[in-house]
Amino acid sequence: MSSIVLKVLSYSEAATDIKAIRQVVFQVEQGVDPTLDFDGLDETSQHIVAYLDQKPIGTARIRYLTDQLAKIERVAVLSAYRGQGIGKQIMATAIGFLDQQNMPESKVHAQSHAAAFYQKLGFQQQGEAFYEADILHIEMRRSHPALQ
């Protein structure tokens, strides 16, 4: 039986894999402008990449906004692998990584249809819904349990 391998990587270590996933999910499926998706911030961010039999199937980006707040973003799983808990594993890896870094708080801009997914992971809605890349989003935040 194959298992998912999740890695925390720099952009330079996995740029080809990250680009391949995000281009399909965000640009092809959701119609996001490539310049919005690839905004020049990947090089200074950490990335989670999920592999199945060495094939990249999912990703997320972790960006440090301040020394007190990180943003988990660009969470994407190829359509053939959705509904199998891979997104949850990617987020658990990102959250665990940030917890190890003693990051006091993390946030996501959740697409509105995915808010319940993030809420199950400990994120709580902040403020009103807004549009980002012409898609309705909700800001959600999670505090590091040991630093509260």
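This is a predicted model: local features need pLDDT of at least 70, side-chain atom pairs count only at pLDDT 80 or more; totals for chains, interfaces and linings use all residues.
1. Two or more lining residues come from each of α1, α2 (34-37), β3, β4, α3, β5, α4 and β7. Which element gives the most to the lining of the largest pocket? That element is β4, from which seven of the lining residues come.

2. The largest nonpolar core is made up of 34 residues, and the most contacts inside this core belong to Ile 72, Met 91, Val 108, Tyr 118, Phe 123 and Met 140. At least two core residues are supplied by each of α1 (11-29), β2 (46-52), β3 (55-64), β4 (69-77), α3 (86-100), β5 (105-111), α4 (115-120) and β7 (135-143). Helix α3 provides the largest share of this core, namely seven residues. Another core lies apart from the largest one and has seven residues, including Leu 9, Tyr 11, Val 49 and Tyr 51. Tyr 51 also carries a charged neighbour, in that Lys 7 lies over the face of the Tyr 51 ring at 5.3 Å from the ring centre.

3. The aromatic pairs deserve a separate look, and the count comes to two. In one of them, Phe 117 and Tyr 118 are set edge-to-face, with 4.9 Å from centre to centre and 80° between the planes. Phe 117 counts as partly exposed because its relative accessibility is 29%, whereas Tyr 118, at 9%, counts as buried. The rings of Tyr 118 and Phe 123 have planes at 85° and centres 6.1 Å apart, so this pair is edge-to-face. Tyr 118 and Phe 123 are both buried, and the ring pairs link Phe 117, Tyr 118 and Phe 123 into a cluster.

4. With neighbours within four places in sequence left aside, Phe 123 is in contact with Ile 72, Met 91, Ile 95, Ser 106, Lys 107, Val 108, Tyr 118, Met 140, Arg 141 and Arg 142. Ile 72, Met 91, Val 108, Tyr 118 and Met 140 are named, together with Phe 123, among the residues with the most contacts inside the largest nonpolar core.

5. Beyond its neighbours within four places in sequence, Lys 107 is in contact with Leu 65, Leu 69, Ala 70, Lys 71, Ile 72, Phe 123, Glu 139, Met 140 and Arg 141.

6. Glu 29 belongs to helix α1 and has a relative accessible area of 37%, so this residue is partly exposed. Although Glu 29 and Ser 79 are 50 residues apart along the chain, their C-alpha atoms are separated by 9.2 Å. When neighbours within four places in sequence are left aside, the contacts of Glu 29 are with Val 24, Ser 79 and Arg 82.

Conventions
Residues are numbered from 1 along each chain as its sequence is written. Side-chain values use heavy atoms; hydrogens and water are left out. Rings of Phe, Tyr and Trp (its six-membered ring) pair if their centres lie within 6.5 Å; planes under 30 degrees apart count as stacked, over 60 as edge-to-face and the rest as tilted. Buried means under 20% relative accessible area, exposed over 50%, partly exposed in between (1.4 Å probe, protein chains only). A charge sits over a ring if NZ of Lys or CZ of Arg is within 6 Å of the ring centre and within 35 degrees of the ring normal. A nonpolar core is a set of buried Ala, Val, Leu, Ile, Met, Phe, Trp, Tyr and Cys residues joined through side-chain atoms within 4.5 Å. Helices (H or I, at least four residues) and strands (E, at least two) are DSSP runs, numbered from the N terminus. Contact means heavy atoms within 4.5 Å.
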